[in-house]
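Please look over the sequence and the model shown here before reading on.

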Amino acid sequence: MPTADLNLFDRVLVQVEGVEFVSDAQRGFDAYSDLQLLAVRVKVTSQLESLRVRPGPDRFTLETDKRPSILAEPTCSKDPPLQKEYLKGGDSVSGWVAFVVPRGLSRATLKSDLRKPFIGIPLSLPGSSATSGGWGP
């Protein structure tokens, strides 16, 4: 790959706008379940000049103190869910991504392959004192 192409991944900004535990009794995620849904609202901004960045739930994973890699759910009941769409330079998209996680998490890091090296954003879990933020240029 040409050197110029390596830099295109440096022009993508990913920010965490919110983190919530979500109940979904229809899917079995309630107060009695050993598992719960963790919803993360992300904002992805492209600073590229062409249609090269396509955010979506499939571009995110979660690393926790209980499991090293949790894939994002393909859909999220929180509104608006993060949509798969190509972004032009200067455009951004914001939406929720959900993960099925064990109860009692003390640490979680949102990971994405939208940048190289991969992005890792420590999350502030509801009820904890950790921090969350963004990662970009």
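Through how many residues does a hairpin join β3 to β4? The hairpin that joins β3 to β4 runs through five residues. Strands here are DSSP runs labelled E of at least two residues, helices are runs labelled H or I of at least four, and both are numbered from the N terminus.

This is a predicted model, in which local features need pLDDT of at least 70 and side-chain atom pairs count only at pLDDT 80 or more, while totals for chains, interfaces and linings use all residues. Residues are numbered from 1 along each chain as its sequence is written, and side-chain values use heavy atoms, with hydrogens and water left out.

**Overall make-up**

The protein has one helix and eight strands, and from the N terminus on these elements follow the order α-β-β-β-β-β-β-β-β. Of the 137 residues in the protein, 42% are buried, where buried means under 20% relative accessible area, exposed means over 50%, and partly exposed lies in between (1.4 Å probe, protein chains only). The accessible surface of the protein comes to about 7,500 Å², and 49% of that surface belongs to carbon and sulfur atoms; such areas come from the Shrake-Rupley method with a 1.4 Å probe, and for residues only the protein chains shown count as cover. Among contacts (heavy atoms within 4.5 Å) between residues at least 6 apart in sequence, 70% join residues at least 24 apart.

**The sheet around β3**

Four strands form an open sheet in the order β4-β3-β6-β7, with antiparallel pairing. The edge strands are β4 (70–71) and β7 (119–122), each of which pairs on one side only. Two strands count as paired if DSSP finds at least two bridges between them. Strands of a sheet pair through backbone hydrogen bonds, either parallel or antiparallel.

On one side, β3 is joined to β4 by two bridges in the antiparallel sense, and Leu 62 has Ile 70 as its bridge partner in β4. β3 also pairs with β6 over five antiparallel bridges, and there Thr 64 has Ala 108 as its bridge partner. Strand β6 (residues 108–112) is in turn joined to β7 by four bridges, again antiparallel, with Pro 122 in β7 as the bridge partner of Thr 109.

β3 has a covered face made of Phe 60, Leu 62 and Thr 64, and an uncovered one made of Thr 61 and Glu 63.

Thr 64 has its place in strand β3 (residues 60–64), and it counts as buried because its relative accessibility is 4%. Not counting residues up to four places away in sequence, Thr 64 touches Ile 70, Leu 105, Arg 107 and Ala 108. Its side chain also reaches the backbone nitrogen of Arg 67 at 2.8 Å.

Pro 68 is placed in the loop between β3 and β4, and, with a relative accessible area of 68%, Pro 68 is exposed. Leaving aside residues up to four places away in sequence, Pro 68 touches Leu 62 and Glu 63. Pro 68 and Ala 108 are 40 residues apart in sequence, and their C-alpha atoms are 9.5 Å apart in space.

**Salt bridges**

Side chains of opposite charge can pair when their charged atoms come close. A salt bridge is taken here as a side-chain nitrogen of Lys or Arg within 4 Å of a carboxyl oxygen of Asp or Glu, and a search of the whole structure finds six of them.

| Salt bridge | Closest N and O atoms |
|---|---|
| Glu 17 – Arg 41 | 3.1 Å |
| Lys 78 – Glu 20 | 2.9 Å |
| Arg 107 – Glu 63 | 3.6 Å |

Salt bridges that share partners join Glu 63, Arg 107 and Lys 111 into one network.

Terms used:
Polar contact = N/O pair within 3.5 Å; in protein donor to acceptor, adjacent residues only side chain to side chain.
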